[in-house]
Amino acid sequence: SCPPRCVCASNILSCSQAVLSAVPSPLPRFTAVLDLSHNNVTRLRADWAPGRLAHLHALLLSHNGLSFVSTEAFAHVPHLRHLDLSSNRLRALEENLFSDLAELEVLLLYNNEISTVDRTAFENLGRLRKLYLGQNRIARFPLELLRDGSRLPQLALLDLSANRLRGVPVGELQALPAWLRDRLYLHGNPLACDCPLFQLVARGRRRRLSAVVDFQEDLQCWLPGASAPVGILALAGRQPLNCSEAREAVLEAHLGDSVTLSCDTRLRGVRSRHWVTPGGERVLEEGGNGSAALLANGSLQLRALRPEDTGTYTCWVAGPLLNETLYLELLVHNFTLHGPHDTLNTAYTTLVGCILSVVLVLIYLYLTPCRCCCCRGTEKPPAPRDDSINSSVLSATPNHAAGVPGEPCRSRSASTAGLGQNGRYKVGGTPQPPPRHGPKAQRKVSDPDSVSSVFSDTPIVV
């Protein structure tokens, strides 16, 4: 049952370099691996496999000059896990081209002429782990397929090297899972130089990502007007961009908050992990110490933060082949989330209170109505004093003319005659004391509007 010019070994059918222009027929139904590489099969139609090949899990079609693949070409091989279409002449990935391969894990499409990639070409590939698209003519790849992780949830390697990408959305790439960022190959593209791209690559070098460390010299970009590309990592301090490496952000929180520290590991198939707090305490998978607990996804949840929770947290991850250690910095501010605003409000309230107090004092001193004239008629005039020198100290300048019996109180200037304190008219003048005889008979009476009256409601009579 082995086709002519092919070699059959158990469930493996090898027809490589057999100068075939079409897929041999019939194919044994027990075939699990079919190698048709290095032939002249230029078109893969829907009828290349007339019967259902339920056991086929690997199909190799590289180096065939293949330029056309029908959207129904894989309807009879639903359990295919490995598909090699590399080194052909494919120019576009049409709509729903691989939608029948729900169990596909590895797809090789490198070294073709692909320039267009339909966003639905990889629909229903929920188990795809490795996608090789290097050495093509792709100017834009639909990275929205990777944004939420719902279309290609198992993807762990994406090769876009040696294409025609001029720009990449750095923000979306940085938001990808760590295991995908570790194997996202972008070298060999004519990328435009900018500082976000430099910081993305520098961060990958600091974390020892294989896509950066292994191809550091091939990660190049183009400056405006330059005749040759420059290394992306060489942009540090170089004109005209003068980029600086961005440091890892420090997670900030406040007293009493709850935060979740993510263990963004590059490893898949993690066997075990645990956290170590800044105080050296281990938080294992079984649970936490009350304020710290390990979640099911490997993140560390901290509740009711305290100032002593500040420091570097370490996540130890044990994978199937390698181990990884991650460090996260947490800064806990010594106040609650609304602390700074409350402090500002308190200071503002105190300042307003002080201003109002000063205004009230000034109102009391300068705008309080004079009650002296009203009470002058009932009160007994104070006894005259002979020490006129004391009144001259309290009164800045004499502001009254010589006492004339029966003349009312006057202000300093003639233009304000009859006005009392605060510009109000007085009901009556200030009564003059009875005339005295002797050398000290002519004495002056202190007006309530004098300087001394500001500090006392009772006029000082000299």
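## Overall picture

Among contacts in the protein chain between residues at least 6 apart in sequence, 61% join residues at least 24 apart. Keep in mind as you look around that this is a predicted model. The protein chain has 462 residues, and 37% of them are buried.

In secondary structure, the chain contains 24 strands along with 8 helices. Its accessible surface amounts to about 26100 Å², and carbon and sulfur atoms account for 55% of that area.

Let us turn to strands 14, 15 and 16. These 3 strands make an open sheet with mixed pairing, arranged in the order 14-15-16. Strand 14 (191–192) and strand 16 (230–231) each have a single partner strand and stand at the edges, so one side of each is left without a neighbour in the sheet.

Strand 15 covers residues 220–222 and pairs with strand 16 in the antiparallel sense, over 2 bridges.

The whole structure holds 5 disulfides. Counting the bonded cysteines along the chain, they follow the pattern 1-3, 2-4, 5-7, 6-8, 9-10.

One of them links Cys2 and Cys8, with sulfur atoms 2.1 Å apart. This link of Cys2 and Cys8 is right-handed, with 95 degrees about the S-S bond. Cys2 is partly exposed at 36% relative accessible area, and Cys8 is partly exposed at 33%.

Another disulfide joins Cys6 and Cys15, whose sulfur atoms are 2.0 Å apart. The link of Cys6 and Cys15 is right-handed, with 110 degrees about the S-S bond. Here Cys6 counts as buried at 13% relative accessibility, and Cys15 is buried at 0%.

## A link across 52 residues

Further along, Cys263 and Cys315 form a disulfide with an S to S distance of 2.0 Å. The link of Cys263 and Cys315 is left-handed, at -90 degrees about the S-S bond. Cys263 sits in the loop between strand 18 (259–261) and strand 19 (272–276), while Cys315 belongs to strand 23 (residues 311–318), so the pair ties together parts that are 52 residues apart in sequence.

One more cysteine to look up is Cys354, which is partly exposed with a relative accessible area of 44%.

Methods
Residues are numbered from 1 along each chain as its sequence is written. This is a predicted model: local features need pLDDT of at least 70, side-chain atom pairs count only at pLDDT 80 or more; totals for chains, interfaces and linings use all residues. Side-chain values use heavy atoms; hydrogens and water are left out. Two strands pair if DSSP finds at least two bridges between them. Helices (H or I, at least four residues) and strands (E, at least two) are DSSP runs, numbered from the N terminus. Buried means under 20% relative accessible area, exposed over 50%, partly exposed in between (1.4 Å probe, protein chains only). Contact means heavy atoms within 4.5 Å. Accessible areas come from the Shrake-Rupley method with a 1.4 Å probe; for residues, only the protein chains shown count as cover. A disulfide is a pair of cysteine sulfur atoms within 2.5 Å.
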